[in-house]
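The following exercises ask the reader to examine a structure step by step. Each task is followed by a worked solution.

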Amino acid sequence: MSDPYDPAREGAQMAFDGRMSYGDYLQIDKLLSAQAPLSDAHDEMLFIIQHQSSELWMRLAIHELSAARAALGETDVRPAFKMLARVSRIFEQLNSAWDVLRTMTPSDYTTFRGSLGQSSGFQSHQYRQIEFILGNRNAAMIRPHAHRPQVMALLQAELARPSVYDVALRALNAAIPLPAEVLDRDPASTHTENEAVMAAWTEVYRAPQKYWSLYELAEKLVDLEDYFRRWRFNHVTTVERVIGFKRGTGGTGGVSYLKRMLEVELFPELWHLRTGL
Ligand code: HEM
Ligand SMILES: N[C@@H](CC(=O)c1ccccc1NC=O)C(=O)O
């Protein structure tokens, strides 16, 4: 019989005294010390990890969207496409994650829902930042963060910057001039459908060869909103499945509030132009 396999024989590093290891680089101890269930309920660990992993993916989405917005401000917008495509894939990842959470029944959830107090995903500042970056802007959504000045400042700063869609419209304007009311709008508010923007995107979709980069940009944005919509839909369906029509811990009507959010259109003209093609 040969000796048990020893990876060290083919060079695997086995000693990490004074050398950076996997756990050092990734700060795994810190990451794995942040799961602290407040009840004895078996499913609370699932609930915590589901949210924490979502927050990590959201962190990456913010990183990519911020870089994509900067890249869209350049003459050549194409480097932004890869980042926008990556954000769509992040949402796809978040969408698949609902399948894990859906294994939690109402009976499981009610055993620890009381421990959550008035905390709710409604207070996720990273989620709010993503909405703001994409252009769904409402200053009232900052209020739950009044007790955290740094978060407040971050979200306020976001409302002062153009959204990803605002920057995309500036790129569109470079090829097909748009009215000043579109280009100089107050960034703190949500963009609403505009006829000139609709006409300009329609021109792009009627002559893709002529406007290839803008055409590709439009489709990347539609793809992103498509996946975001699926996230909202998965959320509201999971919520109805788990708490029915109870009020949310965050104080909203619950499912009624989330259904209202299904009506949000981030890039309205990109959806509406399709009817007229
Ligand atoms: C059993 C699982 C879940 C239930 C019952 C639930 C329930 C709710 C409810 C009722 C709301 C409305 C606000 C309120 O009054 O509380 C809400 C908002 C929210 N939840 Fe969840 N949720 C669940 C899982 C998740 C997960 C896994 C995430 C991922 C991070 C999440 C993120 C959010 C966000 C970001 C909002 C704010 C949405 C917006 O303002 O448009 N939720 N949730
Ligand atoms: N809003 C949920 C509670 C909830 O889901 C939650 C609580 C604390 C942290 C994140 C949460 N996730 C989404 O809202 C409820 O009403 O049951």
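**Exercise 1.** Determine which residues of α6 meet which residues of α7, and how the two helices are oriented.

*Solution.* Step 1: in this predicted model, H125, R128, Q129, F132 and I133 of α6 meet V151, L154, L155, E158 and L159 of α7. Two residues are in contact if their C-beta atoms, placed from the backbone, lie within 7 Å. Helices (H or I, at least four residues) and strands (E, at least two) are DSSP runs, numbered from the N terminus.

Step 2: by class, this contact of α6 with α7 comprises six nonpolar, two polar and two charged residues. Ala, Val, Leu, Ile, Met, Phe, Trp, Tyr, Cys and Pro count as nonpolar, Asp, Glu, Lys and Arg as charged, and the others, Gly among them, as polar.

Step 3: two packed helices are described by the angle between their axes and the distance between the axes. The axes of α6 (residues 125-134) and α7 (residues 149-160) come within 9 Å and cross at roughly 10°. Axes are lines fitted to C-alpha atoms, for helices over the stretch in contact, and angles run from 0 to 180 degrees between N-to-C directions. Angles under 35 degrees count as roughly parallel, over 145 as roughly antiparallel, 65 to 115 as roughly perpendicular and the rest as oblique. The helices α6 and α7 are therefore roughly parallel to each other.

Residues are numbered from 1 along each chain as its sequence is written, and chains are lettered from A and ligands numbered from 1 in the order in which they are written. As this is a predicted model, local features need pLDDT of at least 70, side-chain atom pairs count only at pLDDT 80 or more, and totals for chains, interfaces and linings use all residues.

**Exercise 2.** State which residues come nearest to ligand 1 and which element gives the most to its shell.

*Solution.* Step 1: ligand 1 has 24 residues around it, of which S120, G121, G248, G250 and T252 come nearest. A residue is near a molecule or strand if its C-beta atom, placed from the backbone, lies within 6 Å of it.

Step 2: two or more residues of this shell come from each of α3 (44-72), α11 (212-243) and α12 (255-261). The most are given by α11, with five residues.

Step 3: the shell around ligand 1 holds 10 nonpolar, 14 polar and no charged residues.

**Exercise 3.** Describe the surroundings of ligand 2, and place R113 in the chain.

*Solution.* Step 1: the residues that surround ligand 2 are H51, R113, L116, S119, S120, G121, I243, G248, T249 and G250. This shell has two nonpolar, seven polar and one charged residues.

Step 2: R113 is located in the loop between α5 (106-110) and α6. R113 is partly exposed, because 18 other C-beta atoms lie within 10 Å. A residue is buried if 20 or more other C-beta atoms lie within 10 Å of its own, exposed if 12 or fewer, and partly exposed in between; C-beta atoms are placed from the backbone.

Step 3: an unreviewed UniProt entry places the feature "binding site" at positions including H51, R113 and T249. Such annotations may be inferred rather than shown by experiment, and feature names are shortened, with positions in the numbering used here.

**Exercise 4.** Is Q27 buried or exposed?

*Solution.* Step 1: Q27 occupies the loop between α1 (22-26) and α2 (28-31). Step 2: Q27 counts as exposed because it has 10 C-beta neighbours inside 10 Å. Step 3: although Q27 is not a glycine, its phi is positive, at about 50°.
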